[in-house]
Each structure stands twice: as structure tokens, then as C-alpha cells.
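Here is a short briefing to read alongside the structure. Have the viewer open as you go, and jump to whichever topic you need.

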Amino acid sequence: MFLYLLGLVVVWFIFRWYRELERVSDKGDKYVYITGCDSGFGNLLAKHLDKLGFRVIAGCYTEKGEDELKKVTSDRLTTVHVDVTDSDSVKKATASIKALVGQKGLWAVVNNAGVSVPSGPTDWLVIEDYKSMLAVNLLGVVDVTLSVLPLIKQAEGRVINVSSVFGRISPFGGPYCVSKYGVEAFSDSLRINMAPFGVKVACIEPGFFKTNVTDLVLLKGNVKKLWDRLPEDVKRDYGNDFLDISFEHLDNRFNQFTDSDLMKVVGCMEHGISAVRPRTRYSPGWDAKFFWLPLSYMPTFLSDTMFLKNGPKPKISKL
Ligand SMILES: NC(=O)c1ccc[n+]([C@@H]2O[C@H](COP(=O)([O-])OP(=O)(O)OC[C@H]3O[C@@H](n4cnc5c(N)ncnc54)[C@H](OP(=O)(O)O)[C@@H]3O)[C@@H](O)[C@H]2O)c1
């Protein structure tokens, strides 16, 4: 019985692998717009798709990002300046894209731009901390998508949204998980609404990868900044050594999980763009596949117990 089941699983994986092999044709006629191409996944994806022959429109946040990308790519690649938190900037970028793609429409948009700070215990934060991150990670995704959706419908193309494993489980405070849960919800409804138009929607849910988003210096600096502005009574509740314990915890977790092979994520993005039958969700990274996602399906009391047992606790903890 066990061997029979194992055989069925193996057959299913072979069937799925074969079904997902086929790629779309005429890459040289297909325009792909990516946000956040200055660094990390977006930067690598822009270079990778350019090599594969796609017409890449790389959305960069900085002029330096645009210049550096142009130096190492073909003349098929175009850059546009876009700040996803600024609707005028989003509209301006869309107008340039519309002029560039003409009757072909836009084959794909990859909503990749994102930030990971401010992040910290929820009672350390103020509403502005939430607003600033949601503006990039969630409203930026919605604004960019809505502005190019008519061009995507024209090409019967794709929307690829970069979420995170933290769009499936929420183990730490602050706006990051909130923003990524929002991206998941937006993608799910968009997928259903756009299916009749032949538009496909996919979510990328990476685990921990070595980029600016997981840069320990940046993350620790952010936690320290949040700590420094706390009122004395809150600091007393947490205890003077809480900051050091949190840093040690961050070091351990990131050393344990962070993967430096960004191609695992970029490969999934590329599949979402170029496969004839893309997946709805991709979970690049061993930690995503074998830790975070299984944990997200567990009963809440189990995952809560695990996080509470292993995370740093305030000095006055009742647990
Ligand atoms: N790395 C991970 O472990 C991980 C895991 C799960 C999900 N993700 C997601 O993956 C995506 C890409 O992040 P990454 O890891 O590649 O980090 P990254 O290197 O920091 O890339 C994020 C990019 O977004 C740009 N950006 C920031 N604010 C922007 C704005 N207002 N408008 C336009 N662009 C803006 C950044 O530009 P500057 O560099 O100039 O600031 C940067 O180029 C993010 O959505 C992130 O949440 C990352």
C-alpha cells in the first residue's frame, strides 16, 4: 500500500514536471515590466530575462540603478524611473511603457519592489510605520498593477506578485506580514477576475534569501532605532538586555535560514513569465518548502507555542 502511494506521488511529480516544461514562443516580442530593479531579485531577473531574449522594462528607484543595469544588458532592455509609492511616478512610467509596447500590449508585470523595515514588536510601533511600508509593499503593488492592467489584458499576459512566506504565516510584529498577506489576497481576487480575459496571476513566496531586505546591519539598526524612541516604562517592561537577546536571535535565525542562491527565486519568476502553464504559487527556498509552509498549515496553538518558546521574551513575561 505504501509503495503504491509512493508510486502515485512519483508519477504525479513527473507528470507535473513534464506539463510545466513548455515555454511561450516569440520572446523577442514580449515586454516584461519589473519594479525594484536596482538590486536583489529584480536586478537579477532583469539581467536573466534580457539574456533569454525578452524585452525588459526595468523599473528602477534610483538613477544609479538605471545606469548600472544599462551597462551590463543588451539594447533590448529599457529602464524607467518608478517610485511605487508615488501615483504620479507610477502613471508616468505607465505612459512610457504604453508608448513602447504599442499594439503588442504588456506581456508581464513583476511587482517586486519592497522594503522590510520598520519591523519590530507591535507595541513598539506607530501608525506611520505601518503606512510607510504598506505604501511600498501593498499599495504600490495595487497601484502599479491597476495602471498597467489594460496593457496586460491586451496581451493576454501575466501579473507576477512577489509576496513572501510571511504572506502565509505571521511570526513577528509590524507591517511586513500584514503587507504580504494583503498581496496574497489581492492576487487571489485578481486571478479570478482576470481569468476570463486570459490573464494569469502568480504569487512568488520566497523564504529567506541574502539581499538588502534580509541585511542584518539594516535590520538591527532599525530595531535599535525603534528601541531608542520607546518610553522608559516600555523599556523597563522588556528589560535592558532585551535588545542584545533579540540581536542574538536574529543572528541565529538568519544564519540558519538565509540562502545566497537568488536564482532559486529568479527561476520561479521566470517560470511564471515564460511557461505556457505557470503555477499559481511558487515557494522558492528549502526553508519555505520544508519549514514555513508546513508550519502555516499546522493548528495555530502549535505554531504559536513554537514561536513563543523560541523567541525573545519581555522581562515581565507571564509565560
Ligand atoms: N530577500 C528575501 O529573503 C525575501 C523573502 C521574501 C520576499 N522578498 C521580497 O522580494 C522583493 C524584492 O526584495 P529583495 O529581497 O530583492 O530586496 P532588495 O534588494 O532590497 O530589492 C527591493 C528593491 O525595491 C526597491 N524599492 C524600495 N522602495 C521602492 C519604491 N518606493 N519604489 C520602487 N522601488 C523601490 C529597492 O530600491 P533601493 O535598493 O534603491 O532601495 C530595491 O531595488 C520584495 O518585495 C521583498 O519583500 C524578499
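Predicted model: local features only at pLDDT ≥ 70, side-chain atom pairs only at ≥ 80, totals over all residues.

- Strands of a sheet are held to one another by backbone hydrogen bonds, in a parallel or an antiparallel sense.
- On one side, β4 pairs with β1 (residues 31-34) in the parallel sense, over 3 bridges.
- Within that pairing, I34 has V110 of β4 as its bridge partner, while Y33 stands opposite V109.
- β4 also pairs with β5 (residues 158-162), again in the parallel sense, over 4 bridges.
- Here V109 has V159 of β5 as its bridge partner.

**Strand β4 from both sides**

- In a regular strand, side chains alternate between the two faces of the sheet.
- Which residues of β4 (residues 108-111) lie on each side, and are they buried or exposed? A108 and V110 are on one side, V109 and N111 are on the other, and all are buried.
- Both faces of β4 are therefore covered, since a residue counts as buried when 20 or more other C-beta atoms lie within 10 Å of its own.

**Helix α11**

- α11 runs over residues 286-297, which makes 12 residues.
- From first C-alpha to last, α11 reaches 16 Å, close to the 16 Å expected at 1.5 Å a residue.
- Which residues of α11 are buried? They are D287, A288 and W292.
- Viewed down the axis of α11, these buried residues fall within an arc of 85°, so they line one face of the helix.
- The buried residues of α11 pack against α9 (242-257).
- On the face turned away from the buried side, α11 carries the exposed residues F290, P294 and Y297.

**Backbone details to look at**

- The peptide bond from V117 to P118 is cis, with omega near 5°. P118 sits in the loop between β4 and α5.
- D26 has a positive phi, near 55°, and is not a glycine. You will find D26 in the loop between α1 (2-19) and β1.
- Why does D26 count as exposed? D26 has 9 C-beta neighbours inside 10 Å, and a residue with 12 or fewer is exposed.
- E156 is another residue other than glycine with a positive phi, here about 50°. E156 belongs to the loop between α5 and β5.
- E156 has 13 other C-beta atoms within 10 Å, so E156 is partly exposed.

**A proline in helix α5**

- P150 is part of helix α5 (residues 127-155).
- With 12 other C-beta atoms within 10 Å, P150 is exposed.
- P150 and A93 are separated by 57 residues in sequence and by 14 Å in space, C-alpha to C-alpha.

Definitions and conventions:
Residues numbered from 1 in each chain as written. Helix = DSSP H or I, 4+ residues; strand = E, 2+ residues; numbered from the N terminus. Expected span 1.5 Å × (residues − 1). Arc of directions from axis to C-beta. Contact = placed C-beta atoms within 7 Å. Pairing = 2+ DSSP bridges.
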